[in-house]
Amino acid sequence: MRRHARAVRAQGLFDEVLEGSWKEEPSLRQLLRLARFRDVTVVPLFVSEGYFTGTVIPRELGFEWRGPVPPGGLTAVIDGHRVHYTRPYGVHPDMAEVIAARAAEVCGEWDPARTALVVLGHGTGRDRQSQQAIEQAAAALRGRGRFAEVQALYLDQAPRVDDWAALTRAPDVVIVPFFASEGWHTQDTIPHDLGLTGAVTEFPELPGGPRRVFYSRPVGTHPAVTRVIVRLVEDSLDAPLSPEEPAWRAAGAALLRASSGEAGLAVGELQVTPLPDGRCDLRSQVDAGRTDLTTVALSDLSAWTGRTADGTHRPIRTQRSLPRGWWAEVETSELRAALHAVYPAVLEEAYAWENGTLPVIPWTDTAERQSGLYAAVRRASPAQVAQARHKTCASCLRTPLWAGEPLSATFLTGDPQALPCPEACTLLVAAVREELGSHQETPAQGEVTHV
Ligand code: SF4
């Protein structure tokens, strides 16, 4: 996701490129608050349609829509933004060429008369719609006649990739995983289950004669996917674009004011110090005065501070575990981006709270919104939610306003430790679910509790 976002940003086609996730910060719930302009297009980085693209993402963004996203995408006014939501990149017709490009990487100039292509999807018995993108891409490539045969095969549904030798006839077979990124399946289970030993594997003794299997990298990490993402955005822009958000600009001005004093600005565990040349020094507060720190570029700051000192992932960045031992020097004009890299959305939320415009979402609403595995949290008792909050929020810098905790200032007005939390995060929701699993007490079905 980061690599594609960086590549889109580098093209300079859009005034702003933001990244958001369901389970880490900035979350999909925070994303619109961060957007500088009124028009926002959201492209889901998924290879196929399904529960996440049709239910979870629209719901988290604030769309009423649930179900398969129509070809033209969705448009709605949400929190003052005009939000366009596209289908996932995997269903775009240009993905057929990305598959062909991946095939070319492993087998170069293949002979169309003796080469079969296998487009390999995960598949699921639960949602037939998820195979649509793979079938569509396979059909497009079949029609172009560049392979003797093209098969769409799957890991978790028929026709299965385990049967590739029986389902294809050509002596050479190119398998291209239709996956978003490298991972357990592409690197472990697929090669292991098929007996692949690398990019090319010889099978000299199969019934019907010797075969060769070429195994490519997954489609989702191919640089050409960036072009597909851009095309999806361009296709969604059918109206004149609207101007910058006044609230976005005002939040940036508040940050500059708060950080311009000689002492700089403390935010959570971060210290921002203005330098004589007009730039700013950012580092962990515990590293004040040190000269032996590693210099981190602004472009690497999010990834660098996204892990603890021992390498543990920090999905919620305001947990008290900001790594130490680094510093970054940025222009004043880059300060907002730098703060966002360390603590996503805290500026926008603090500014909105100071101005009385931050919507606080009670636990009951958050619980009601959950679906799938997490729908169970609706049954949590107040004691179970309080217990989850005690375990999770105690190590977080934010003050859970959603649970009724008071906040009298923010870091913008002098209290570095005061960061508003308007809505239970995914970590908290997961903790409530764990509480349900670890206690016998379960309220009646459908009961929604208050905290
Ligand atoms: S819910 Fe708790 S842990 Fe999550 S961001 Fe808010 S205060 Fe932090």
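## A mostly covered helix

Helix H12, which spans residues 346-354, is mostly covered, with seven of its nine residues buried. In this predicted model, the buried residues of H12 are Val346, Leu347, Glu348, Glu349, Ala350, Tyr351 and Ala352. They pack against H2, helix H9 (246-259), strand E9 (265-267), helix H11 (335-342), E14 and E15.

In the loop between H11 and H12 lies alanine 345, which has a positive phi of about 75 degrees although it is not a glycine. Alanine 345 has a relative accessible area of 1%, under the 20% cut-off, and therefore counts as buried. Just after H12, glycine 356 takes a positive phi of about 70 degrees.

## The protein as a whole

The protein contains 15 helices and 15 strands. Its radius of gyration is 25 Å, close to the 22 Å that the globule rule gives for 451 residues, so the protein is as compact as a globular protein of that length. Taken along the principal axes, the box filled by the C-alpha atoms is roughly 75 × 60 × 50 Å.

Of the 451 residues, 51% count as buried, and the accessible surface comes to about 20800 Å², with 53% of it belonging to carbon and sulfur atoms. Among contacts between residues at least 6 apart in sequence, 69% join residues that are at least 24 apart.

## Aromatic pairs

A pair of aromatic rings is described by the distance of the centres and the angle of the planes. The structure holds eight aromatic pairs. In one of them, the rings of tryptophan 22 and tyrosine 374 have centres 6.0 Å apart and planes at 85 degrees, so this pair is edge-to-face. The pair links distant parts of the chain, since tryptophan 22 lies in the loop between helix H1 (2-10) and helix H2 (28-34) while tyrosine 374 lies in the loop between helix H13 (363-369) and helix H14 (382-393), 352 residues apart.

Another pair, formed by tryptophan 363 and tryptophan 402, is tilted, with 6.4 Å from centre to centre and 45 degrees between the planes. Here tryptophan 363 belongs to helix H13, and tryptophan 402 to the loop between strand E14 (398-400) and strand E15 (419-421), 39 residues apart. Tryptophan 363 is buried at 2% relative accessibility, and tryptophan 402 is buried at 4%.

## Loops and backbone features

Most residues other than glycine have a negative phi, and most peptide bonds are trans. Aspartate 79, in the loop between strand E2 (74-78) and E3, has a positive phi near 50 degrees and counts as exposed at 65% relative accessibility. The peptide bond from glutamate 25 to proline 26 is cis, with omega near -5 degrees, and proline 26 is placed in the loop between H1 and H2. The bond from alanine 158 to proline 159 is also cis, with omega near -10 degrees, and proline 159 sits in the loop between strand E5 (149-154) and helix H6 (164-167).

Threonine 86, in the loop between strand E3 (81-85) and helix H4 (95-107), counts as buried at 4% relative accessibility. Leaving aside neighbours within four places in sequence, threonine 86 is in contact with residues including Thr41, Val42, Val43, Pro44, Leu232 and Ser236.

Methods. Residues are numbered from 1 along each chain as its sequence is written. This is a predicted model: local features need pLDDT of at least 70, side-chain atom pairs count only at pLDDT 80 or more; totals for chains, interfaces and linings use all residues. Side-chain values use heavy atoms; hydrogens and water are left out. Helices (H or I, at least four residues) and strands (E, at least two) are DSSP runs, numbered from the N terminus. The radius of gyration is taken over C-alpha atoms; the globule rule is 2.2 Å times the number of residues to the power 0.38. Buried means under 20% relative accessible area, exposed over 50%, partly exposed in between (1.4 Å probe, protein chains only). Contact means heavy atoms within 4.5 Å. Accessible areas come from the Shrake-Rupley method with a 1.4 Å probe; for residues, only the protein chains shown count as cover. Rings of Phe, Tyr and Trp (its six-membered ring) pair if their centres lie within 6.5 Å; planes under 30 degrees apart count as stacked, over 60 as edge-to-face and the rest as tilted.
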